[in-house]
Amino acid sequence: MKYIRDRGMKATKIFATLMALGVVASAIFGMTQAGKDLVDKTLYTVGLYTGFADDVFEGAYNITTDAQQGLGIFDGLSQILNVDVNVSGMNSNIQCLSPWLNSMKDPTDISTDLTTLKSDLAVFDPSRSRVSSGLPTYSTATNYAAAANALPTPATSAQIEDVKNKLLLLFGTGTDLGKRLADVSNILQALRDLSALHADSASSTPGPAGALQALVDDLTSLKNAGIQLSNTDLPPLIPELSGQYSGYNGVQPCFDTMLYQMQHINETVIALPRAMQVSYNLLFALNSGMESLVTGPSTNPQTLASALTAFQATLPFLGSTNTIISQLPNYIASTLASHTQLTLSLSYLADRDTALAYQAYVTYIASPQAAGDYSTFRTAQTVAASSLSAIQADTLTLTSTPDSTVLSSASSVAQLVIGQQTPPAGVPLPPPQPQVDFVAAMTASRAAILPLDPYIAAEAGEGVAYRALPTPKASVLNAVSTTVSDLNTRFERSISTVRADVSNYNAEILSKIVTLHNETVDKVNSKIEQYLPRVRKYDHMRMTGEYVYFSVVMFVALLTILIVWINFQWGASFFTFLVIIAMLIYSIIGTVLLLLAVVGHDECGNAETQIFALIDRFNVDTGSFNATVLAGYYLKAEGGSLNAIVRSATGVNFAAMQSTINQTITNTVTDITGSYTLRYKMLDQVNAMYGLQRLLLADVEAVQRQVQFEQVHPLYLSTKELACCNVVDVVGNLWLAMFMAGWFAAALMVAMMCYIRRLDELPKKRCCGCALRSYKEFLDPEDKKLLGIKNKGKYMPAGSEGSIPG
């Protein structure tokens, strides 16, 4: 009989192999679905939250950063105040100008004083010119006076005899008459001078004293005019001119700088207010006039003051004319009277024409207004002049033609000269040269005075600008001071207010950022740092357990396949036992995973409620952070507007922040600009402020957009997806792997039971069934049938195959 393989056994082995492979496949599937990146996904999801929170905090921090940087605008405002307005410089210029304006002499008054000076000089100048022309006549008079006063006083008979002898000796000798006849020459010259003094040939109008009397009148007029100038006109005028020049020179830098600064303010900062513009126009006109006055070649006050000072220094010499004015008329009368006898005697001795001239003179001075007497006197004087000349000529000829008559005449002359002459009475006249010198100096200093008409016109024009100023004059600066002070107050107040507000707002925002960051990101990061190592440890243990378990199951399944195909009976029993154990573990773990998956699925449908419960359980809400309100808004879109939610949950009020920004910028611009019309630099600053306003509002709106429901809810969905999809899917897939592996194990267990039963039908070959069975031990079904017939249905014990009973 032939041994063949049992086809049923083969089918059992194939089925068991497939089921074992099913277990292996389920284990492999379970290992791939073990969720090895579950912790990383969780960290990623948590990182989305912390990153979102950091972005929000960064946006909030941008508000403080941009606000702090925006203060640079107000640094520019400070620069405008300190440079373009130049408050300190303007105040300094105002303080510089105020005293000068209040003490400034009215140029109109100076113009009036100059007009008076011009009028008085019109009197002074002709007198000075006539005196200058008449001084030679005075020199002649002083020469005659010197000659006459040099005559000796009345002498004794011995002195007369001595002179007579000298004259006789003189006339009788041929020595140098140029030196020896000095006395005679002096007498003759004195007579000639006397004749010249009373000749009055230059006058067409008869006068009692001729040219000398005219000189007296001119000196009197000159002295009076000089007194007017020296005592009345010049003393106030010179300091006025000097003060005007020095005063303006002292304030001109202030004046020019202030006007420039006002114009600069008008061009760059604000249009000058009407009152300030009026002040600018008045001050500009005053400054322009003063500048033209002091820089003009013919209107410089100091030049005129210096010339007038030099001129005034020559006027005190007019005091020396008092002697001339008082003594000269007396001198004229006394000289003529004292020399009457001398003149008559000499006339009889030389030529009676001189006596006739004297008589005509006496007649004339008795009635000086009679034209006939004056003409007679003039004619007699002309004849007498010739006669006097003849006296000298005749005397000089005595040396060549001496005779008793001439000698007798000489004796008479000596007697008359020495014995009968009486010197003129009165004070001696001042010498002529000092008078000539001081008149020349006066003339030179007067010539140095520039024409007064340009001064008068310039001062009068400046007086118009001066009188246009209000009273007191420094009050013209009030509008300037008020505007500058107002700008300074507005700018400083706005700058300090904004700086304080920004500092307070930044401190408040930063405080909230720090607080909220501590309550959220920092706390989460702290928990992650605290628990992540432990979580990774447990997760690693979980993964290790799953991999070990599935690996063991696969190992058992694969060995089961091997045992089945090598017909290892004991191994088949043992591994069937292991499969049963694995199936039981599958059932337990699968049931647990099934429950977790079901619970997870159910809880995910009610996740929001559970979140609220967790918030309440773990006391997440704090005084500065209300997680419940935020959860209600971001999970269910409940609780009202975003601003109300954020304010209630974090204390951050977006609407108040926007209102504060708008109000701060608007109030600042309004406070700075007031009612002023702005120029380009201030317009740039205002535009920059509005730009800062838009930037800060954009920052606030950016934060608002970041925390809107549409931005945050997806984060929640990603978290829900992690928990309800990733985690539940892992659990579900593990359950599926366990479930499939369990079913395959159950089927494998059934196949193994059948397989073991077939093995048990074979006779034992070794102890405990440890022998490996060969397929040859299994009879062909036909042989089994035949064997059964022969043995009448009796089962043939194992080990008796192949033997057929008898």
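The questions and answers below concern a predicted model.

Reader: Is cysteine 254 buried or exposed?

Author: Buried means under 20% relative accessible area. Cysteine 96, at 21% relative accessibility, counts as partly exposed. Cysteine 254 has 15% relative accessibility, so this residue counts as buried.

Reader: Which two residues does a cis peptide bond join?

Author: The bond in question has an omega of about -5°. Its proline, residue 472, is found in the loop between helix H17 (452-467) and helix H18 (478-566). The two residues are threonine 471 and proline 472.

Reader: What is the phi of asparagine 86?

Author: Asparagine 86 is placed in the loop between helix H2 (38-85) and H3. The residue is not a glycine, yet its phi is positive. The value is about 55°.

Reader: Are H2 and H24 roughly parallel or roughly antiparallel?

Author: The axes of H2 and helix H24 (residues 680-706) come within 9 Å and cross at roughly 170°. Angles over 145 degrees count as roughly antiparallel. Therefore H2 is, relative to H24, roughly antiparallel.

Reader: How many nonpolar residues does the contact of H2 with H24 have?

Author: Sorted by class, the contact of H2 with H24 includes six polar and five charged residues. Its nonpolar residues number 17.

Reader: Is the aromatic pair of tyrosine 280 and phenylalanine 284 stacked or edge-to-face?

Author: A search of the whole structure finds nine aromatic pairs, this one among them. Tyrosine 280 and phenylalanine 284 lie 5.9 Å apart centre to centre, with 25° between the planes. Planes under 30 degrees apart count as stacked. The pair of tyrosine 280 and phenylalanine 284 is stacked.

Reader: In which helix do tyrosine 280 and phenylalanine 284 lie?

Author: Tyrosine 280 is buried at 13% relative accessible area, whereas phenylalanine 284 is partly exposed at 43%. The two residues are four apart, about one turn of the helix. Both lie in helix H9 (residues 274-295).

Reader: What is the angle between the planes of phenylalanine 574 and phenylalanine 575?

Author: Phenylalanine 574 is partly exposed, with a relative accessible area of 35%, and phenylalanine 575 is buried, at 11%. Their centres are 5.5 Å apart, and the pair is edge-to-face. The angle between the planes is 85°.

Reader: Over the face of which residue does lysine 473 lie?

Author: The cut-off for a charge over a ring is a distance within 6 Å of the ring centre, together with an angle within 35 degrees of the ring normal. Lysine 473 is at 4.6 Å from the ring centre. The residue whose face it lies over is tyrosine 466.

Terms used:
Residues numbered from 1 in each chain as written. Predicted model: local features only at pLDDT ≥ 70, side-chain atom pairs only at ≥ 80, totals over all residues. Heavy atoms only, no water. Buried < 20%, exposed > 50% of the residue type's maximum accessible area, 1.4 Å probe, protein only. Axes fitted to C-alpha atoms, helices over the stretch in contact; angles between N-to-C directions. Parallel < 35°, antiparallel > 145°, perpendicular 65-115°, else oblique. Nonpolar A, V, L, I, M, F, W, Y, C, P; charged D, E, K, R; others polar. Phe/Tyr/Trp six-rings, centres within 6.5 Å; stacked < 30°, edge-to-face > 60°.
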